[in-house]
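Dear colleague,

I am passing on the structure below for you to look over.

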Amino acid sequence: MVELEMQCRRAKLASRKLAYTGTAAKNSALEHIADDLLSQKEVILEANAIDQLDARKIGMAPAMLDRLALTPHSVDLIAADVRSVAGLPDPVGEIFDMRTLPNGLTLGKKRVPLGVIAAIYESRPNVTIDITALCLKAGNAVILRGGKETINSNRALVKIIVGALERAGLDPNVVQFIDNTDRSLVPHLLKMNDQVDLVIPRGGTGLIKFVKENSSIPVVAGGAGVCHTFVDASARVDRATAIVYNAKVQKPSACNALDTILVHKDIAARYLPEAAAELAGSGVELRCDPRSLAILGSLPGLKLVPAVDADWGKEYLALIAAIKIVDSLDEALDHIAAYGDGHSEAIITEDYTNAQRFMNEVDAAAVYVNTSTRFTDGAQFGLGAEVGISTQKMHARGPLGLKEITSYKWLVYGSGQARP
């Protein structure tokens, strides 16, 4: 506990200087990180292979294994995301909303870092780099607490980060890595509100629930996602089939992957056989309500299971999707309101009025028309990367990029005014 407290204090102290460090120095550190990710790729992959082996020995779930695994290509993508962050405008120091009041005072706002961000996360070693890159660019110190399943990968990645910071002339204390995997450290970290300004949990619903219930530090939580796609009566069957396939199959372990397909009754008989055949080709199990089961039950080669109540509102993180036929857009909206959790929702339609109703009435961080929910991602949204995807409404929502991890302070210029 003493070491954890010292790490938090070091981060807080280092954050004061980082807050006014110039863009060039921060970008230099990011470019060094990207370079070293590529030059030390084999070291990273060897460490990750150890983590994967240990995870298989304990029977880790396939979705978690998928999130844990790094490949040469994924390391290339991580490095590219770091360079993207380096290329983004620096939000720190931005002056906005300047105006002059009738009494002659000139005031406005200046964008500033939050200070120290603690990231508590599971399985995904890429998060170590993504969060570090964004925090550095936004002038925040960061405390990294990954899961024990990624300890070797994270050690290798943090070694790269520290080396890059030193080469760029930045204080390596701005990044603190909690190497100890003892879970009892987490509740203690969550009470360090005098040193830490924000906590971002990334992982399963259990982790997120624990952090929200036990933190005395402000929390921005999200990541878990029950995502629906509604195939409207006017949808093009070919387009709907392709979009649903991408949303379900491209990366089923992702939080923005499709979980439930809602299908208007007027298109169900034409759409479902084609879509089910496409999904079955990739081994997707379909959990069908009675009406969709009646349409698909006689078709060969499909993996069909009768849906039960627990299948609605479930995040599968696997090659499984639930299907429900609805009578109207209103019924689809009601289903999403009842079972969605505010992550990503989509409609496939050629009806402009229905598209606008869906966009207006669905309450989610990201709402889509005629495209895949898989785009809910910081890099895909042009943010370079993300520190997480918030399904909250305060203080930020959706993929959290640079501006979402800054705050502002008021600037007030006077010429001798005294309040009457």
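The notes below go from a helix pair to a sheet and then to individual residues.

This is a predicted model, in which local features need pLDDT of at least 70 and side-chain atom pairs count only at pLDDT 80 or more, while totals for chains, interfaces and linings use all residues. Residues are numbered from 1 along each chain as its sequence is written, and side-chain values use heavy atoms, with hydrogens and water left out. Helices (H or I, at least four residues) and strands (E, at least two) are DSSP runs numbered from the N terminus.

Helix H3 (residues 41-57) and helix H7 (residues 151-167) have axes that come within 7 Å and cross at roughly 160°, axes being lines fitted to C-alpha atoms, for helices over the stretch in contact, with angles from 0 to 180 degrees between N-to-C directions. H3 is therefore roughly antiparallel to H7, a term that applies to angles over 145 degrees. On the H3 side the contact (heavy atoms within 4.5 Å) is made by Ile44, Ala47, Asn48, Ile50, Asp51 and Asp54, and on the H7 side by Ile151, Asn152, Ser153, Ala156, Leu157 and Ile160.

Seven strands form an open sheet in the order E10-E9-E11-E8-E7-E12-E13, with parallel pairing; two strands pair if DSSP finds at least two bridges between them. Strand E10 (303-306) and strand E13 (366-369) stand at the edges with a single partner strand each, so one side of each is left without a neighbour in the sheet. Neighbouring strands are turned by 20° against each other on average, direction ignored. Strand E9 (residues 285-288) runs parallel to E10 and is joined to it by 4 bridges, and Arg287 stands opposite Val305 in E10.

Helix H10 (residues 237-249) lies across strand E7 (227-231), strand E8 (258-264), strand E11 (320-326) and strand E12 (344-348), and runs at about 160° to E8. Helix H11 (residues 265-280) also packs on the sheet, where it touches E7, E8, E9 and E11, and its direction makes about 145° with that of E8.

Most residues other than glycine have a negative phi, and most peptide bonds are trans. A cis peptide bond, with omega about -5°, joins Met394 and His395, and His395 lies in the loop between strand E14 (389-390) and strand E15 (398-399). Asp97, in strand E1 (residues 95-100), has a positive phi near 60°. Leu317, in the loop between E10 and E11, has a positive phi near 55°.

Technical notes. Parallel < 35°, antiparallel > 145°, perpendicular 65-115°, else oblique.
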